[in-house]
Amino acid sequence: MRAPAPPTHSIGVPKPLVDGVDKVSGRAQYTADLPFGGALVGRIARSTVAHGIIRGIDATRALAIPGVRAVVTGADFASPYGVIPIAQNEWPLAHERVRYRGEPLFAVAADDAASAAAAMEAVEVDIEPLTAYFDAEDARAPDAVLLHEKKAGNVERRVEQDFGDVDAGFAAADLVMERVFECAELSHGQIEPNATVAHWDVEGERLTVHSVTQVPYYLHLMLAQTLGLDSAAIRVVKPFVGGGFGHRVEPLNFEMVAGALARAAGGTVRLELTREETFLTHRARPATRTRMRIGMKTTGEITAVDAEVVQRGGAYAGYGLVTILYAGALLHALYRLGAVRYRGYRVYTNLPPCGAMRGHGAVNVRFAFESLLDEMAAELDLDPFAVRRANLIAPPYRTLNDLQVNSYGLPECLDAVERASGWRERRGKLPRGHGLGLACSHYVSGSAKPVHWTGEPHAVVNLKLDFDGSITVLTGASDIGQGSSTVRAQIVAEVLLLPMSRIRVIASDSALTPKDNGSYSSRVSFMVGNAALNAAQALRRVLVEAAAARLEVQADDIEWLGEACGVVGTDRQLEFAQVVQAALVDAGTLTVKGVWSTPPETQGGNFRGAAVGSTAGFSYTAQVAEVQVDEDTGLVRVVQIWAAHDCGRALNPLAVEGQVQGAVWMGMGQALSEETQYHEGLSLRANMVDYRIPTIAESPPIAVTLVESIDPLGPFGAKEASEGGTHSVPPAVAAAVHDATGLRMRDLPMTPDRVLDAIHRRRRRERLDAARAAGG
């Protein structure tokens with residue numbers, strides 16, 4: 001008999017992604033690749049008016065065109081929808097009013113693209129224009145028309161929070177400084193455009209939807225709600241997804257439109273959006289104005305913070321109330337703060353709706369906070385590292401706003417990037433136009449309270465063991481490119497000491513897999529990872545008990561070795577196949593369940609909005625950026641970024657390093673080039689040429705150090721790794737630009753024209769000062 005293979009360890013070992021070969025070889029099938037023969041062509045017609053009352057939509061001529069199978073409007077839906085149960089004011093197709101240019105008005109399904117295009121032209125639309133508002137200030141004017149009833153001043157959500165004695169904190173400070181920061185609106189820029197395939201089973205009255213969603217559960221709920229269907233009549237399947245970054249967290253209008261078209265046409269409808277339409281669907285980071293005031297002692301200790309944040313949220317609620325709450329909540333938990341006052345305003349405007357984007361809610365405010373820390377450090381003649389170290393947290397720690405910090409690797413992150421960048425040796429000694437900058441950040445490992453509170457566990461994983469000895473991980477959590485399916489396979493393999501070749505992952509099919517709350521806020525590795533861990537431990541117990549029964553000993557006498565097990569102190573052994581055979585006797589195929597929920601102490605306080613920002617584990621990041629600034633053109637080139645990320649434990653160091661690099665790269669895009677732009681509500685950058693995502697030519701070396709603080713609640717000690725690194729890039733780059741040029745850049749992105757304008761303004765001031773000095 002061949003000797004069994006030795007126990008296999010998978011955690012902490014660099015592993016290629018389980019779906020990596022499928023993706024790079026082209027075998028992976030994304031939604032638009034799915035081979036649904038005979039599917040009708042779906043198309044959406046969009047409003048050319050930014051704000052108006054719909055007086056009529058007449059599809060009579062369109063329906064008379066040969067090959068046109070269905071036309072649907074807002075009247076064909078049962079209710080509005082939204083990701084937040086208390087903020088659902090958007091319809092899949094505009095209902096009574098349009099509120100932004102590009103909003104879906106009606107949709108058609110036809111035998112082919114030509115018939116669909118003809119139908120789009122034939123539908124007659126009558127819209128009475130209303131005054132439109134394209135910035136938050138105009139929308140908040142006293143005489144502004146309300147975009148939504150009962151939302152005075154067009155403010156979707158106003159947040160007022162005070163923790164500690166803020167006025168006393170400022171009185172105790174040796175330096176108080178206040179600045180205003182402006183961050184442009186962004187788009188996600190995911191590589192895969194939006195697509196959905198919907199099939200209506202006429203006889204069974206059932207709907208099956210394949211779509212690009214990050215959260216099949218949310219989509220399932222909203223399909224039922226907007227189409228007036230029983231949830232049991234719906235199946236949602238997520239194929240391969242080419243990136244999400246928050247764009248696909250919310251149920252999106254085209255997904256419900258595809259369902260409505262399929263039902264109306266009595267068949268299958270394929271709805272593929274263009275790149276421009278994908279931009280218009282939007283849901284990304286809102287344009288934000290932040291007024292930040294900080295009090296500081298000469299030691300660097302932060303005594304008080306006063307922040308006011310105004311977000312231009314677009315036409316509908318979406319994730320807006322969560323985004324504005326995150327902006328205030330995550331002022332906390334990175335440093336010790338003496339007292340904090342926060343005022344937040346999420347404002348409706350006649351633009352595409354904003355939503356969640358990598359680092360949801362906190363990136364723009366962190367830019368303001370870290371930038372002001374850097375300026376205050378210079379004013380007090382303190383090293384930027386010294387200021388951060390003067391405010392470090394000692395876990396376990398409860399923040400002023402009742403967030404729980406159980407692990408905290410920021411000190412080690414600071415040490416790592418200080419050494420790697422040569423900060424002490426190089427800062428202040430680089431040539432003119434070259435500079436170094438530091439910033440820190442943090443983020444949640446999933447929201448401690450789910451959006452839809454049902455009392456169910458936060459995460460559920462089922463493991464199926466069958467006669468062939470394979471173990472199938474059944475999970476509703478979506479792998480959207482972040483490698484979560486690989487991590488789940490690694491966790492199960494590690495507990496069972498089996499090679500990953502025995503593990504198969506089936507994810508995100510509501511007919512097969514348990515419900516999951518979704519891939520957002522970096523929750524999957526932490527929460528679903530814990531559920532997978534618990535499921536694997538349960539399966540191992542079943543196998544050990546079966547082996548003990550076969551060997552006629554107690555379970556405690558069994559030594560589990562993965563591909564074999566034996567009786568301690570003897571040479572009596574069973575191979576894994578024999579253990580499986582024993583476990584299946586009488587029972588047949590086995591399915592075991594693992595669940596996990598966040599402990600109550602991690603779920604935040606009792607004030608309104610306290611759940612937002614709460615998490616079972618915070619990640620931490622420190623970054624140093626080196627830049628070169630061309631003062632003749634204003635071009636900023638990032639030479640290198642050193643990033644140290646506290647991920648708790650790196651379950652897969654190869655994947656974690658890639659996620660940190662991706663977060664840094666995305667932050668660099670926000671820092672230097674990315675911004676949406678509108679003219680009277682018309683999107684001017686709804687393509688990958690004008691929306692300037694950094695290419696490989698602009699991408700610098702990103703040196704990543706992984707810090708493992710071992711979180712007591714994370715699976716094997718792990719925490720999030722893919723979002724926290726985004727927040728610190730813009731302020732680190734801005735600090736480096738100041739080090740290189742002496743300029744404080746407070747507006748993002750720091751495009752060449754903005755930098756050059758700042759250089760010219762400084763030169764004019766210098767000439768004016770020189771003229772005054774000469775005249776005096």
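1. Basis. The model is predicted, with local features requiring pLDDT of at least 70 and side-chain atom pairs counted only at pLDDT 80 or more, while totals for chains, interfaces and linings use all residues. Residues are numbered from 1 along each chain as its sequence is written, and side-chain values use heavy atoms, leaving out hydrogens and water.

2. Overall fold. The protein chain has 20 helices and 31 strands; helices (H or I, at least four residues) and strands (E, at least two) are DSSP runs, numbered from the N terminus. The radius of gyration, taken over C-alpha atoms, is 28 Å, close to the 28 Å from the globule rule for 776 residues, so the chain is as compact as a globular protein of that length. That rule is 2.2 Å times the number of residues to the power 0.38. Along the principal axes, the C-alpha atoms fill a box of roughly 100 × 75 × 50 Å.

3. Of the 776 residues, 62% are buried (under 20% relative accessible area; exposed is over 50% and partly exposed in between, with a 1.4 Å probe and protein chains only). Of the contacts (heavy atoms within 4.5 Å) between residues at least 6 apart in sequence, 80% join residues at least 24 apart.

4. Helices 14 and 15. Helix 14 (residues 484-496) packs against helix 15 (residues 524-551) at an angle of about 30°, their axes 8 Å apart. Axes are lines fitted to C-alpha atoms, for helices over the stretch in contact, and angles run from 0 to 180 degrees between N-to-C directions. The two helices are therefore roughly parallel (angles under 35 degrees). The contact includes Val 487 and Ile 491 of helix 14 and Ala 532 and Leu 533 of helix 15.

5. Ser 115. This residue lies in helix 3 (residues 113-122) and is buried at 12% relative accessibility. Beyond neighbours within four places in sequence, Ser 115 contacts Pro 66, Gly 67, Val 68 and Ala 110.

6. Cis peptide bonds. The bond from Pro 395 to Pro 396 is cis, with omega near -5°; Pro 396 sits in the loop between helix 11 (384-389) and strand 16 (397-398). Leu 748 and Pro 749 are also joined by a cis bond, with omega about 0°.

7. Positive phi. Glu 96, not a glycine, has a positive phi of about 70° and is exposed at 57% relative accessibility. Asp 381, also not a glycine, has a positive phi of about 60° and is exposed, with a relative accessible area of 73%.

Key:
Angles under 35 degrees count as roughly parallel, over 145 as roughly antiparallel, 65 to 115 as roughly perpendicular and the rest as oblique.
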